[in-house]
Amino acid sequence: MSNVIIAGIGQTPVNEQWNISLRELAFQAMEAAMQDAGGLRPNALYVGNMLAATLSRQAQLGAMLADFAGLHGIEAATIEAAGASAAMALRVGYLAVASGQVDAAMVLGVEKLSDQVPAEVEHAMAMASDADYEAEQGLTLTAQAALLAQRYFHEFDLPQHALAGFPLAAHANGAHNPNAMFRKAVKLETYAKAGMVSAPLNMFDVAPHADGAAALLLTRADLLPPKFPHPLVEISGSSAVSDTLALHDRPDPLAFNAARLSVERACKQAGIQPSDADFFELFDAFSIYSALSLEAAGFSERGQGWKLAQNGALAPDGELPIATLGGLKARGFPGGATGAYQAAEAALQLRGQGGGAQVNGAKIGLVQSLGGPAATAVTHVLRTVED
Amino acid sequence: MDIPRHWRLKKQRYALVGEVCEHCDAKLFPPRDICPECGEEAKTLFQFSGKGEVYSYTTVYDAPQGYAEQAPYTLAMVKLAEGPLVTAQLTDLGEQPPAIGMPVEMVTRLLRSATDERGMLIYGYKFRPAVAQAS
């Protein structure tokens, strides 16, 4: 089986883009990825999207976006797994190319949230939970994360502001990302003064919803032309794992078991230990997710994940950099498109194009996206290709 | 408006009817037909007592569409006496702040008013602080 290469990446800024439609947003990212790959054209398109059918009343994005991008006749379809949609699309693209059935696959994450008011977006996002037994009780994903955080503070006797380190690290890095929604470092005093969204989570514990599209063009190493325009990054591990949809159906809600298993399986395939990774693009939709994801991946003991965010260990020059280009908190959280941003940012780091937030000498990156509180977890290992 | 969907859930919403696994005696709510404990079929109905305690809670200020009239409201995960966790709102708290471990009991309340023209009222379970037992 030939290695799968990320030959091109493209991203649009994450923001509220009132003047750009879903299809235009998607095309900008795809066009940028094709240019970045030296003009390579895909023969399959896998779209990671969660809410277009609900918020934009548009289904069948595969056909629509292949058509709009002038990629007539190619195989194209949408993959949906809530916040992990684009990560799952990346896995499908990876499998398609690795199998030899598809020579070049475009993986596109796209989400257009700003066409509806925030209460409608919250309602739609809550569809990632159990509609009959969670959402119908007035649950939102934010409230659900707050339930996790409250229990976490209680079980492990955490001090106030124990989770602050995650958004502070993300914002410090987002300042260096031209596509980030928030490009300004935040101080602890600012965090401490922020209004509660769902206690104990305040505004800074919750990643902001926004529009965005990011694309990755995958192909096999042996199909690449010589003298490629940039350093190559390969996918050396890929795993997707599911857990109970409803959080209350788990024996231990604070254990992100799908996140743990997907890290173990992706690392095993890549022949590495999680600790071999030079950085970890985790899914910080809520600060509590960051703590639980670090614990699930084995980077800390249960109940101790928050401590990693206390002493600079998660900064670009720390032991385990996370959210290196702002994460969901500072780059923004474009729903199902997020996984494509995470993978594109990891590829930038591995190419040495991380700018002011570059992780020096990065050779291996761990990238993980979650659907809800890890009802779906998708993990990829990306690494530099040695000549 | 999805009337059949709500009608189908009436036993669960009004009476906390779940299932019991005849193989390992695990109590299941919501009903799910395959026991997560032992993997065997579990289709025998079981009515829960409605007693439990708060496992976790939070306050929702930014309510989703359909719940704005109730905001802010207290949402919880409740550990039922028979084992399972359920997600539900806390109600009738009065001046009493919610707390992890607080004993609660199930009551039937309005979950939300449908926002369309038919204005269907959707009732279901919420939990209130347990009324002290007579000794």
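Reply: In chain B, three strands form an open sheet in the order 2-1-5, with antiparallel pairing. The model is a predicted one, and the description below should be read accordingly. The edges of this sheet are strand 2 and strand 5 (residues 44–47) of chain B, each of which pairs on one side only. Strand 1 of chain B is joined to strand 5 of chain B by four bridges, in the antiparallel sense. Within that pairing, B:V17 has B:Q47 in strand 5 of chain B as its bridge partner.

The loop between strand 1 (17–20) and strand 2 (27–28) of chain B contains B:D25. Most residues other than glycine have a negative phi, and most peptide bonds are trans. B:D25 is not a glycine, yet its phi is positive, near 70 degrees. Because B:D25 has 11 C-beta neighbours inside 10 Å, it counts as exposed. Elsewhere in chain B, the peptide bond from B:A71 to B:P72 is cis, with omega near -5 degrees. B:P72 belongs to the loop between strand 6 and strand 7 of chain B.

The contact between the chains comes next. It involves 26 residues of chain B and 24 residues of chain A. On the chain B side, the elements that give two or more residues are strand 6 (51–60), strand 7 (73–80) and strand 8 (85–90) of chain B. Strand 6 of chain B provides the largest share of that side, with six residues. By class, the side of chain B that touches chain A has 18 nonpolar, seven polar and one charged residues.

Turning to the strands of chain A, strand 11 has partners in strand 8 and strand 10. Strand 8 (residues 233–242) of chain A pairs with strand 11 of chain A in the antiparallel sense, over nine bridges. Here A:E234 stands opposite A:R383 of strand 11 of chain A. The pairing of strand 10 (residues 364–371) of chain A with strand 11 of chain A is also antiparallel and runs over eight bridges. In this pairing, A:S369 has A:V378 of strand 11 of chain A as its bridge partner. Strand 10 and strand 11 of chain A make up a hairpin with four residues between them. In the turn of this hairpin, A:G372 has a positive phi of about 60 degrees.

How many of the nine residues of strand 11 of chain A are buried? Nine of the nine residues of strand 11 (residues 376–384) of chain A are buried, so this strand is largely enclosed by the rest of the structure. In a regular strand the side chains alternate between the two faces of the sheet. In strand 11 of chain A, A:T376, A:V378, A:H380, A:L382 and A:T384 point one way, while A:A377, A:T379, A:V381 and A:R383 point the other way, and all are buried.

The helices of chain A provide a further packing arrangement. Two packed helices are described by the angle between their axes and the distance between the axes. For helix 6 (residues 141–156) and helix 10 (residues 287–296) of chain A, the angle is about 60 degrees and the axes are 9 Å apart. Helix 6 and helix 10 of chain A are therefore oblique to each other. The crossing of helix 6 and helix 10 of chain A is left-handed. From helix 6 of chain A, A:A145, A:L148, A:A149 and A:Y152 meet A:I288, A:Y289 and A:A291 of helix 10 of chain A. By class, this contact has seven nonpolar, no polar and no charged residues.

Helix 6 of chain A also takes part in packing with helix 5 of chain A. In helix 5 (residues 118–125) of chain A, the residues A:V121, A:E122, A:H123, A:A124 and A:M125 are buried. The buried residues of helix 5 of chain A pack against helix 2 (52–55) as well as helix 6 of chain A.

Two backbone features of chain A complete the account. A:A199 and A:P200 are joined by a cis peptide bond, with omega about 5 degrees. A:P200 lies in the loop between strand 5 (196–198) and strand 6 (201–202) of chain A. A:K227, a residue other than glycine, has a positive phi, near 55 degrees. The loop between strand 7 (212–220) and strand 8 of chain A holds A:K227. A:K227 counts as exposed because it has 6 C-beta neighbours inside 10 Å.

How values were computed
Residues numbered from 1 in each chain as written. Chains lettered and ligands numbered in written order. Predicted model: local features only at pLDDT ≥ 70, side-chain atom pairs only at ≥ 80, totals over all residues. Axes fitted to C-alpha atoms, helices over the stretch in contact; angles between N-to-C directions. Parallel < 35°, antiparallel > 145°, perpendicular 65-115°, else oblique. Left-handed = near helix turned anticlockwise from the far one by under 90°. Contact = placed C-beta atoms within 7 Å. Nonpolar A, V, L, I, M, F, W, Y, C, P; charged D, E, K, R; others polar. Buried ≥ 20, exposed ≤ 12 C-beta atoms within 10 Å, placed from the backbone. Pairing = 2+ DSSP bridges.
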